[in-house]
Amino acid sequence: MERTNAETAPRAERAPEPGAAPAGRTAPGGFAYGAADEERRRAVRRMKATATGLLLAVALVYVLAKWAGAWGAGGWTGFVAAAAEAGMVGALADWFAVTALFKRPMGLPIPHTAIIPTKKDQLGQSLGDFVGENFLSGEVVRRRLRSVGIGRRVGGWLAEPQNADRVTAELSTALRGALTVLRDSDVQAVVGEAITRRADAYEIAPGIGAMLEKIVAEGGHRRVVDLLVARLHDWLVEHGDSVMSAVSGGAPGWTPRFVDRRVGDRVYKELMRFVTEMRDMPEHPARGAIDRFLRDFAGDLQSDPDTRAKVERLKSEVLGRGEVQDLITSAWGSVRAMIVAAAEDERSELRLRVRAALLSLGRRLAGEKRLQDKVDGWLENAAVYVVTTYQREITSLITDTVAGWDAEHTSKKIEAHIGRDLQFIRINGTVVGALAGLAIYAVSQAFGG
């Protein structure tokens, strides 16, 4: 007999079964069919042919044994016929059982058949409940995570320099990506609003007063006074003529010029003497006056309502100026450029510090049992919280997905994965049935005559 074109065509070029999605495409049921699925379906078809062939073979043996017995071939034909008959019964029973899982045998509306297509949603619900009860319970998750020892394993992995380098590189890439995605205008607006709102929400005068009071008590302001007095002395030395001219120019017009010059010279010398003494004498009375003024001002900043109100008005005026707002918003651009540059440079201080921190963390996690237990506890609590809080949402992913599958394609998909093993049931049923039939016939002959 000549083979058909479908039988002689190469396996990979055969057309898919009716109702099956082409390889590499998505079926109406939402399944993605690939080359592996087609290979599984071909394997199922081969096993079906083998099981059916075995059924036909025992049927032929049964016919031949009966025929031989009718022609007087001997008593052995009864044993062969009994074995073949029981083998046919076993094969047919198992064929019915396997077929009833996926469709109605011979299209007959027999009850409790086509179980997978008709019970698909119930199976999905049962599968979701099973997963939720046995895999997503808090005790199961906690016990499993505790047996894994994640903290110790992560620590040992991070303690390796090449792994720390890899994590550092990945973090740098993620940081650069995040900064690239963010729009500067949006971030600048948020930063500016946050700083302005926070500054408006808090009164700064008491804090400034407390800080100034502490600085004066510790003598920290004296260096500033030293600097100012020294600069003032240098300025007077450099601009002596200007000072004397300013003093002379402010004299009345009716005074003689030589008198004005004498007065200007005298005023300049007194200023130089005062500033020089103040510069060279730490206990100068003027310095004490400055200390008292700063202490009084610090106290007013903390307790005087008028002073505090003036500081708040000044703060609002300064923050409201466009130059200040531009400075605040432009700070993001500088920070962003600095971070991106540091993330891109493998030898930057940022990446070196991150790498060193990862190595240190890894060594500690690998060697410190207390830290391991703490990390494991955090992970266990987080995982238990997720599975207990969102258990219904997780299991609904299973049930809703199964409910959305097409019944026919669901049946074919499952059959492609487990159908080959199910066909072995038919083969085993044929063999076991034949052996059982032979044993029963032999016993009946031995005791029944």
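This is a predicted model: local features need pLDDT of at least 70, side-chain atom pairs count only at pLDDT 80 or more; totals for chains, interfaces and linings use all residues.

Visitor: What does the secondary structure of the protein come to?

Guide: The count is 20 helices and 0 strands. Of the 449 residues, 29% count as buried. The protein exposes about 29200 Å², and carbon and sulfur atoms supply 61% of that area.

Visitor: How do contacts in the protein divide by separation in sequence?

Guide: Take the contacts between residues at least 6 apart in sequence: 70% of them join residues at least 24 apart.

Visitor: How is the span of a helix checked, taking helix H10 as the case?

Guide: The expected span is 1.5 Å times one less than the number of residues. Helix H10 covers residues 205-218, and its 14 residues should span 20 Å; the end C-alpha atoms are 20 Å apart, which agrees.

Visitor: Which residues of H10 are buried?

Guide: Buried means under 20% relative accessible area. In H10 this applies to Ala205, Gly209, Leu212 and Val216. Around the axis they cover an arc of only 70°, so they sit on the same side of H10. The other side of H10 has Met211, Lys214, Ala217 and Glu218 exposed.

Visitor: What covers the buried residues of H10?

Guide: The cover includes helix H14 (285-303) and helix H15 (305-320). Just after H10 comes Gly219, with a positive phi of about 75°.

Visitor: Which residues of helix H11 are buried, and which are exposed on the other side?

Guide: Val225, Val229, His233 and Leu236 are the buried residues of H11. Seen down the axis, these buried residues fall within an arc of 70°, so they line one face of H11. On the other side, Arg223, Leu227, Leu228, Arg231 and Glu238 are exposed. As for length, H11 (residues 222-238) has 17 residues and reaches 24 Å from its first C-alpha to its last, close to the 24 Å expected at 1.5 Å a residue.

Visitor: Where is Tyr390 found, and why does Tyr390 count as partly exposed?

Guide: Tyr390 is found in the loop between helix H18 (369-389) and helix H19 (391-403). Its relative accessibility is 39%, so Tyr390 counts as partly exposed.

Terms used: Residues are numbered from 1 along each chain as its sequence is written. Side-chain values use heavy atoms; hydrogens and water are left out. Helices (H or I, at least four residues) and strands (E, at least two) are DSSP runs, numbered from the N terminus. Buried means under 20% relative accessible area, exposed over 50%, partly exposed in between (1.4 Å probe, protein chains only). The arc is that of the directions from the helix axis to the C-beta atoms. Contact means heavy atoms within 4.5 Å. Accessible areas come from the Shrake-Rupley method with a 1.4 Å probe; for residues, only the protein chains shown count as cover.
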